[in-house]
Amino acid sequence: MASVAATLVESEPGSFVFAAAGEWLVATAAEVDRRLRGLQMPSDKRVTLDLAGIDRLDTAGAWLLLRTEHDLAARGNTVEICNLRSNFAPLLDQVRAGGMVVPARHPRPAHHTIVGFLARIGEISLGIFARAYSILGFFGAVCESAGALLLRPRRLRITALVAQIEQTGVNAVPIVGLLSFLIGVVIAYQGADQLRRFGAEIYTVNLLGVGILRELGVLMTAVIIAGRSGSAFTAQIGTMRVNEEIDALSTIGLDPLEVLVLPRLFGLVLTLPMLTLWADVVGLLGGCLMSWASLGITPPQFIRQLQDSLYPWTFWIGLIKAPSFAFIIALIGCYEGFQVARSAESVGRLTTLSVVEAIFLVIVADAGFSIFFSLLQI
Amino acid sequence: MPDRSEEPIICVRGLVNRFGAETVHDGLDLDVLRGEVIGIVGGSGSGKSVLLRTIVGLNRPVEGKVEVFGRDVLRMSDRQRRQLENRWGVLFQDGALFSSLTVAQNIEVPITEYYDMPLRLMDEISAVKVGLVGLPEEAGEKYPSQLSGGMRKRAGLARALALDPEIVFLDEPTAGLDPIAAGAFDELIRDLKTSLGLTVFMVTHDLDSLFAICDRVAVLVDKKVRVGTLEQLLRDNHPWIHSYFHGPRGRAARASEAATLMTPGH
């Protein structure tokens with residue numbers, strides 16, 4: 001490490017010499033700072049800053065010199081700088097011109113105090129209401145746009161709609177199929193294991209039928225699509241916000257809701273029921289194969305038992321839920337996209353938020369449907 | 001004024017850059033001298049930014065040699081690269097500030113990376129840099145998204161200067177600024193160059209900047225560069241260079257610079 005020195009000696013009574021030497025650079029700043037803080041500063045004396053020994057100086061070093069000068073002056077000393085090399089003078093002037101700056105405060109989490117913690121709970125609670133209100137507003141605006149579109153159906157963007165159906169529907173077929181198949185296998189396996197104890201293995205089929213058709217088929221599909229397409233909606237629209245593309249659309253006279261939101265919304269409302277149907281079929285297939293393998297229930301037996309166990313409504317209850325889940329996912333995905341501020345960071349944050357929010361609301365809605373259907377006693 | 005020795009601080013030889021079928025640079029040679037401000041100009045797509053990115057190692061050329069501080073940038077270990085990187089600073093077009101950090105924290109990123117420094121001192125140094133680039137004191141606490149374009153550029157410059165580098169690379173520092181802010185930025189660069197002894201490598205479209213602060217200008221034409229002082233380039237007969245400096249904007253910039261020089265007391 002380069003040598004640095006900072007000494008303070010009393011040359012004659014009442015007058016001190018502060019001698020600085022070596023390389024006062026950002027690399028040595030920590031060392032210089034340590035030495036400076038070790039010095040016993042005089043008060044109400046004459047102090048000469050002798051800078052003859054300074055070989056190299058940069059802004060960090062210049063700052064330390066100026067800070068020393070300022071500290072000495074603040075203690076009532078008369079400070080004088082001498083022997084400064086001429087080529088360092090502009091640097092010192094430049095830093096001095098910046099003024100005696102106050103270091104910026106770092107953002108510290110406010111919730112580290114009890115009051116801060118309570119305030120934060122309040123803030124978050126109010127935030128939830130504000131958010132719900134704002135989503136409701138977005139919902140209204142989307143409905144208005146959709147209504148206007150229904151009056152003039154020719155304005156529907158068929159190309160965009162088909163593209164959305166491909167991206168959110170067709171491209172999701174493999175992953176939805178695979179996961180549903182596995183869910184069917186797992187339920188059949190676990191159900192068989194439990195029901196065998198009562199000699200009621202055959203009811204595994206009932207469990208599969210009701211479980212998959214009524215709840216799991218649609219719920220799993222909705223969760224997968226929320227993670228896959230809801231996040232994509234937020235990221236796509238959010239990136240367009242960052243790029244000012246949304247503003248560009250408005251100035252061209254296009255309604256961003258009509259161009260961006262409606263194709264996504266209609267696309268997803270159309271595809272999620274179809275994906276649900278696919279998930280139901282593949283899930284039952286997985287359950288059927290597993291029942292055959294572990295319980296010896298042949299496929300014809302499986303189908304007969306399935307027919308006996310299901311009410312006519314069981315299948316439709318699952319399918320009815322799909323469009324409303326699709327609506328929730330698309331609405332939240334697009335809404336969060338529009339909330340993106342002009343920074344790339346907010347795209348990532350809101351994409352995560354959109355997935356969490358969409359899954360949460362889908363499950364809440366599912367619970368609502370359960371209550372509704374039990375009131376109807378179906 | 002730091003003495004300007006004739007030793008090149010950046011030395012580019014036989015540079016070839018190709019993207020797909022398109023050749024951007026073909027056997028480009030360029031020397032940048034210590035302590036000078038060199039302006040890089042050229043038409044859109046002539047490879048100004050690519051040249052900058054190649055020198056700082058963000059783009060690997062097809063062929064050629066790039067030496068900075070006399071060391072080959074393209075053939076060095078990561079360790080050597082790190083030592084080199086704290087001797088230069090780069091200001092990207094829109095500042096490229098880290099959006100999740102405040103301005104002060106942005107400036108502290110390179111300092112923390114290279115030096116072990118007490119927090120208090122680091123805060124002081126970042127505040128000095130904020131003042132140095134002419135930002136108001138409270139700007140240090142703000143996030144990049146809360147700043148205007150001009151302030152973001154200044155903040156980006158403050159970060160580029162965090163380690164007191166010997167070279168700063170500026171990518172279109174005045175683009176998108178209003179003329180007053182652009183003029184102030186030019187002045188800032190000139191002041192910093194004088195006080196810190198910087199070598200400045202500046203890609204620009206701004207004719208006023210060229211006339212105001214550049215010691216030499218490198219023009220990218222025909223996939224190579226032509227370097228010279230402004231007087232030399234003004235006499236150049238290459239069609240692009242001629243129309244660049246003798247077009248209406250070029251004439252206006254020259255006239256305004258001449259007027260400033262004739263103002264008494266300048």
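The C-alpha centres of domain 1 and domain 2 of chain A lie 69 Å apart. The bounds of these domains, 4-97 for domain 1 and 137-376 for domain 2, come from an automatic or database domain assignment. This is a predicted model, in which local features need pLDDT of at least 70 and side-chain atom pairs count only at pLDDT 80 or more, while totals for chains, interfaces and linings use all residues. Residues are numbered from 1 along each chain as its sequence is written, and chains are lettered from A and ligands numbered from 1 in the order in which they are written.

We can turn to the interior. A nonpolar core is a set of buried Ala, Val, Leu, Ile, Met, Phe, Trp, Tyr and Cys residues joined through C-beta atoms within 7 Å, and a residue is buried if 20 or more other C-beta atoms, placed from the backbone, lie within 10 Å of its own, exposed if 12 or fewer, and partly exposed in between. The largest such core has 100 residues, and those touching the most other members are Trp24(A), Ala29(A), Ala158(B), Val168(B), Phe169(B) and Phe201(B). Its largest share, seven residues, comes from helix H4 (residues 119-132) of chain B, where helices (H or I, at least four residues) are DSSP runs numbered from the N terminus. Apart from this core lies another, of 55 residues, including Val185(A) and Ala188(A).

Val185(A) and Ala188(A) are also among the residues in contact with Gly287(A), once its neighbours within four places in sequence are left aside; two residues are in contact if their C-beta atoms, placed from the backbone, lie within 7 Å. Gly287(A) lies in helix H9 (residues 256-295) of chain A and is buried, with 31 other C-beta atoms within 10 Å.

Where the chains meet, the contact takes 30 residues from chain B and 29 residues from chain A. On the side of chain B that touches chain A, the largest share, 10 residues, comes from H4(B).

One helix pair joins the two chains: the axes of helix H3 (residues 89-97) of chain A and helix H6 (residues 179-196) of chain B come within 7 Å and cross at roughly 130 degrees. Axes are lines fitted to C-alpha atoms, for helices over the stretch in contact, and angles run from 0 to 180 degrees between N-to-C directions. H3(A) and H6(B) are therefore oblique to each other, since angles under 35 degrees count as roughly parallel, over 145 as roughly antiparallel, 65 to 115 as roughly perpendicular and the rest as oblique.
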